[in-house]
Amino acid sequence: MHGSTGRDFGRISAEHATTFIGIMSMLHSESTAPAFGRLLKKSLQPDDYVLLAHLFEEISVLVLHHLIPEALLFDAFAFDLYWDELREDILSLRRQTGNEKFCENFEIASDRAREYRNDRPPKRRWHHRPEGEGPHDPPGGRGRPPSGPPPRSPEGRSDPSLEEPAIRRRA
């Protein structure tokens, strides 16, 4: 899939489902789910940082080696926002350990995730906008209902085949 950036984030196919379900299972497992939930609520505890950073590093390796499409991962998870939340602790650990490679795949994936997010507006943006504001519905979407009276037949009567079923007149 190409967006305005021109980057191809990969094509998603059924063969990726098993890997994706495995990732979801890891994030929702008994050992990881509490930390992941706290990350989503921005209420991390000290032990959560390294656990989550390493988990996201492992997932990022799968993405960067094209074992799962970036589009699938970045559509489902906010890797860029997760990086933002964990960045300071990761950078501190890099300095403390002298390991500049610690979570480098996670950092790269977060940059790509940010690009993905910036390239695609929220899918539901048109469902919640005030009337008259924002862009029109996307192509192929609901669109606007036709304005004006329904078309008339040559005899001047409304053409029942062109009316909406809910407003079709009874004969």
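Two residues are in contact when heavy atoms of one lie within 4.5 Å of heavy atoms of the other. The structure described here is a predicted model.

S60 belongs to helix α3, which covers residues 48-64. Is S60 buried or exposed? Buried means under 20% relative accessible area, and S60 counts as buried because its relative accessibility is 0%.

**The nonpolar core**

The largest nonpolar core contains 32 residues. Within this core, the residues with the most contacts are F56, F77, F79, Y82, L86 and F106. At least two core residues come from each of α1, α2, α3, α4 (70-76), α5 and α6 (104-119). Helix α3 contributes the most, with seven residues.

**Helix α2**

Which residues of helix α2 (residues 33-40) are buried? They are A35, F36, R38 and L39. These residues lie on the same side of α2, because they cover an arc of only 160° around the axis. The elements covering the buried residues of α2 include α1 (17-27), α3 and α5 (79-97). Just after α2 comes K42, which has a positive phi of about 55°.

Terms used:
Residues numbered from 1 in each chain as written. Predicted model: local features only at pLDDT ≥ 70, side-chain atom pairs only at ≥ 80, totals over all residues. Heavy atoms only, no water. Helix = DSSP H or I, 4+ residues; strand = E, 2+ residues; numbered from the N terminus. Buried < 20%, exposed > 50% of the residue type's maximum accessible area, 1.4 Å probe, protein only. Arc of directions from axis to C-beta. Core = buried A, V, L, I, M, F, W, Y, C linked by side-chain atoms within 4.5 Å.
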